[in-house]
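Work through the exercises below with the sequence and the model side by side. Each task is followed by a worked solution.

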Amino acid sequence: MKSPFAYQPRPRPLQLASPGAAVAYLGAIVAVAFLYSSPVVLFAAGAAAVLAGRLAGADRAVRVALRMGVALALLIVVVNALVVSRGETVLARLGEWPLLGQVDVTFEAIVAGLSGGLRAAVTLVAAAVYSSCVDPDRVLRVLRPLAGRSALTATLVSRMVPVAAADASRLRDASRLRGPGAAPVGKAPLARRLLAGSLDRAVDVAATLELRGYSLDAPRARNRRARSRYDRRFYAVAALVLVAAIAGKALGADDFQTYPSVEIGLGPATLALAALVALSGLAPLRRRPRRSQPASHVDGPQRGLYRSKSSRRQEVARV
Amino acid sequence: MTGRRGTAVATALLLAALAAAGCGLGPGADVGDVRLTVTREFGAVPVLDRSLAAKESDTVMRLLEGEADVETRYGGGYVHSIDGVAEEQRDGDPYDWFFYVDGVESPIGAAEYELDGGERVWWDYRDWSTTNHVPAVVGSWPAPFADEQHPVAVECDLKPACGAVRQALEGEGVDVASGEPEKAIRVLVGTWDQLRGDPAARLIEEGPAESGVYADFDGSELVGLDEGGAPARSFAPDTGLVAATSRYGGLPVWVVTGATPAAVRGAAEALDTEHLRDHYAVAVENGKSTPLPLEGR
């Protein structure tokens with residue numbers, strides 16, 4: 001079973017765009033999440049990331065990332081509530097704890113944890129969308145002249161992690177299929193087996209890379225891919241979001257305070273920025289192809305590469 | 001079924017343990033009133049003075065944050081600014097916020113200092129170029145004597161002054177212990193020649209960096225020091241001193257002294273709120289108190 005975060009080519013704008021444009025677009029959403037603490041803006045950034053993922057067809061990746069993001073956010077909330085005793089509104093007094101001292105759970109600490117958790121969740125969803133929508137090979141090709149080794153490492157990681165996840169899933173299935181009478185397999189043996197398999201695979205990959213001459217200098221890219229017609233759209237949205245975020249920061253759109261009491265600003269600057277950021281999630285929206293337009297003009301040079309089965313079937317039917 | 005019952009028993013036990021450990025929902029019950037004072041320049045400039053009802057969960061920081069606009073650093077444990085007055089360098093001298101509870105410098109941070117009710121919390125913004133450690137101050141009188149947590153011992157050889165000191169303490173409802181009880185807050189009363197043999201009192205001769213007291217004795221003269229620790233004024237021979245210090249982080253030791261018996265008597269008669277309120281230490285000259293350190297720079 002393929003990992004939900006594994007790259008899957010689809011004929012959607014985000015996948016068809018060049019890696020630079022896709023990274024700029026998703027990076028702008030993540031940048032907003034790191035620049036702002038206001039839950040209003042963070043929710044908007046989260047909505048943008050989810051919307052972008054769904055429009056790009058990465059529903060499963062978004063769903064799984066959301067689940068993980070919510071779990072991580074809850075963990076951050078709980079830890080912050082126990083570790084930070086600041087804030088005026090004490091909800092519970094939990095007495096003296098070893099290492100932590102007096103633990104007072106305050107409303108303010110919970111809200112601060114929520115803000116941090118929301119940021120983590122947004123980053124996770126955006127990373128999931130990137131992982132499932134941006135071709136790692138194309139990223140490698142773009143980065144190779146700049147930082148060949150780093151690009152290779154990053155690409156290998158982005159390839160190997162889904163493979164390891166699929167391995168884990170297969171091993172779990174295999175252990176389940178031994179029948180109800182079999183002793184349960186603990187997480188540690190499973191992790192050991194997974195690590196051993198990953199190391200074997202790493203050796204194989206290293207040998208293959210060696211044979212293909214990856215240790216030599218990076219060759220100049222000969223067959224540069226033509227730019228996608230969606231690039232301009234993603235670059236423009238990324239620039240707009242970033243400029244608005246920086247300007248909003250200067251204008252006080254991040255009007256949010258957690259300690260000593262919670263104050264969430266809902267001024268026009270905050271609401272306008274939140275609306276813009278949320279709308280930026282529509283950037284991967286696919287325009288319906290015009291009927292009169294011939295199929296060969298749909299997406300220029302990438303058409304042949306990313307045609308879906310259904311479009312191929314349609315072409316065959318037309319012939 | 002058994003597992004469910006086990007979980008229920010474990011939950012009940014956990015809740016019982018939490019309740020026994022003094023845990024509960026909400027901020028807890030009222031524990032009494034706490035006096036919150038905020039000043040600047042060694043107490044010379046009043047900023048805030050309020051009596052507030054404290055709850056079980058209240059800390060010094062929570063109390064302050066409820067009354068003033070506070071900016072913190074390092075995870076909320078360190079006060080950076082109060083009502084916009086922030087730590088800074090002024091002409092090369094560092095200024096910062098310090099706090100005292102019942103006239104004693106706190107060994108722990110404001111966020112960890114839990115209040116029991118009845119305390120006097122004093123925040124002061126001051127120059128700490130001479131010392132950042134003033135272990136005890138007199139400005140929260142009648143604290144620390146009124147807290148009833150420690151016995152109060154008056155060590156005195158000068159009859160008229162002793163009576164005045166005892167009277168002042170008893171007037172505030174303090175039971176003065178007889179003899180030399182252990183772990184007592186000591187009040188040393190006598191001329192400087194009599195007191196300088198005491199290890200805690202002798203810290204005054206070693207300067208503000210050791211004692212936290214901006215005063216010194218030069219023969220028969222009491223010398224007032226400025227914020228920089230430099231001599232700023234020599235007082236008349238009959239000028240008394242009321243100051244507090246502490247040795248090795250122990251309980252505060254109050255010093256009621258002067259060069260002459262008349263000076264000690266004058267200092268003893270100044271043990272009241274009118275003379276001591278919001279001062280680190282005072283020099284008492286003809287019934288009039290002069291706050292120390294002196295404004296000199």
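Two strands count as paired if DSSP finds at least two bridges between them. Helices (H or I, at least four residues) and strands (E, at least two) are DSSP runs, numbered from the N terminus. This is a predicted model, in which local features need pLDDT of at least 70 and side-chain atom pairs count only at pLDDT 80 or more, while totals for chains, interfaces and linings use all residues. Residues are numbered from 1 along each chain as its sequence is written, chains are lettered from A and ligands numbered from 1 in the order in which they are written, and side-chain values use heavy atoms, with hydrogens and water left out.

**Exercise 1.** Find the partners of strand E1 (residues 90-97) of chain A.

Solution. Step 1: five bridges pair E1(A) with strand E2 (residues 101-106) of chain A in the antiparallel sense. Within E2(A), A:Asp104 lies opposite A:Arg93. Step 2: three residues separate the two strands of this hairpin, and A:Leu99 in the turn has a positive phi of about 75°. Step 3: E1(A) is also joined by two bridges to strand E1 (residues 24-25) of chain B, again antiparallel; there, A:Ala92 has B:Leu25 as its bridge partner.

**Exercise 2.** Which strands stand at the edges of the open sheet in chain B?

Solution. Step 1: write the order of the seven strands, E12-E11-E13-E18-E17-E19-E20, with mixed pairing. Step 2: strand E12 (176-177) and strand E20 (288-292) of chain B each have a single partner strand, so one side of each lacks a neighbour in the sheet. Step 3: inside the order, three bridges join E17 (residues 240-245) to E19 (residues 281-285) of chain B, running antiparallel, with B:Leu241 opposite B:Ala283.
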